[in-house]
Amino acid sequence: MFTAEKEIIIQTGKKLDRYGLIALSGGNVSWRMDSGEILVTPSGMVYEELTPEDIIVLDSDGNILESKRRPSVDTVALLYIFQKRPDINGIIHTHQPYATALGLIEDEIACNLTTLANAARGNVKVAPYSSAASLDMGIKAVDYLGDQLAVVLKHHGVIGVGDSLKQALYSCVYLEEACKTIVAARSCGKELAMMNPEQINEAVDVFKNYGQK
């Protein structure tokens, strides 16, 4: 089932490595199909080595419908997010270093770049610590996502979401790029210039018409 979609998941996983958001087999990619099934990457396998047969197909309760592989250890958290947020169809979990680093010293990553407004819809909250492979990881993510498309998991990484896998990927990538810029600006030892709410909302609206139809 879903051979083409499985290939898209693999290519998405490779992009996480390309953009420096994960190392080796870190993180995971999951995608809800229109028919309700959920595709998820396997536990502990490097993305470059995956084939479509390695991608697991689950029902909405987490029962394996296809694949001999074990799904990501975070599947219980991913399923919780899908169940609680019917507007979310794509979830990407990363261990991206710059966003995770800022999450160690901030409770919220302020939106002061248009790209962060574009891709994440504003300030990105930092959720309190929750263990990997736990339901609490999903609960914290849902509680702290709000209307944004990303949340930082303190001491852990990032969860990016979207109505599509592409939207979730953009959220993770542009969050990391924004965090790199923030770290660079802070190194100058001067106060950061901030965007006001009107500017943020304008940047969010502009991105709605970004790309090709």
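Guide: Helices and strands are DSSP runs numbered from the N terminus, a helix being H or I over at least four residues and a strand being E over at least two. This is a predicted model, in which local features need pLDDT of at least 70 and side-chain atom pairs count only at pLDDT 80 or more, while totals for chains, interfaces and linings use all residues. Residues are numbered from 1 along each chain as its sequence is written, and side-chain values use heavy atoms, with hydrogens and water left out.

Visitor: Where is the place of N112?
Guide: N112 is in contact (heavy atoms within 4.5 Å) with I182, L192, A193, M194 and M195, leaving aside its neighbours within four places in sequence. As for elements, the place of N112 is the loop between β6 and α4.

Visitor: Is N112 buried or exposed?
Guide: Buried means under 20% relative accessible area, exposed means over 50%, and partly exposed is in between, with a 1.4 Å probe and protein chains only. The relative accessible area of N112 is 14%, so N112 is buried.

Visitor: At what angle do helix α2 and helix α5 pack?
Guide: Axes are lines fitted to C-alpha atoms, for helices over the stretch in contact, and angles run from 0 to 180 degrees between N-to-C directions. The axes of α2 (residues 75–84) and α5 (residues 135–145) are 7 Å apart, and the angle is about 35°.

Visitor: Which elements do the buried residues of α5 pack against?
Guide: The buried residues of α5 are M137, G138, K140, A141, V142 and L145. They pack against β5 (90–94), β7, β8, β9 (157–162) and α2.

Visitor: Which residues is I109 in contact with, leaving aside its neighbours within four places in sequence?
Guide: I109 is one of the residues with the most contacts inside the largest nonpolar core. With those neighbours left aside, I109 is in contact with A99, L102, L116, N123, V124, V152, L175, C179 and I182.

Visitor: How many residues apart in sequence are the parts that K6 and E66 tie together?
Guide: A salt bridge is a side-chain nitrogen of Lys or Arg within 4 Å of a carboxyl oxygen of Asp or Glu. K6 and E66 form one, with their closest N and O atoms 2.3 Å apart. Since K6 lies in helix α1 and E66 in strand β4 (residues 64–66), the separation of the tied parts in residues is 60.

Visitor: Is K6 buried or exposed?
Guide: The partner of K6 in the salt bridge, E66, counts as partly exposed at 25% relative accessibility. K6 has 5% relative accessibility, so K6 counts as buried.

Visitor: Which parts does the pair of E106 and R186 tie together?
Guide: The side chains of E106 and R186 meet in a salt bridge, 2.3 Å from N to O. Their positions are 80 residues apart in sequence, so the pair ties the loop between α3 and β6 (108–109) to helix α6.

Visitor: How many salt bridges does a search of the whole structure find?
Guide: Another of them joins R69 and D54, whose closest N and O atoms are 2.8 Å apart. In the whole structure, the number of salt bridges found is eight.

Visitor: What phi does L24 have?
Guide: L24 lies in the loop between α1 and β1 and counts as exposed at 65% relative accessibility. L24 is not a glycine, yet its phi is positive, at about 50°.

Notes
Core = buried A, V, L, I, M, F, W, Y, C linked by side-chain atoms within 4.5 Å.
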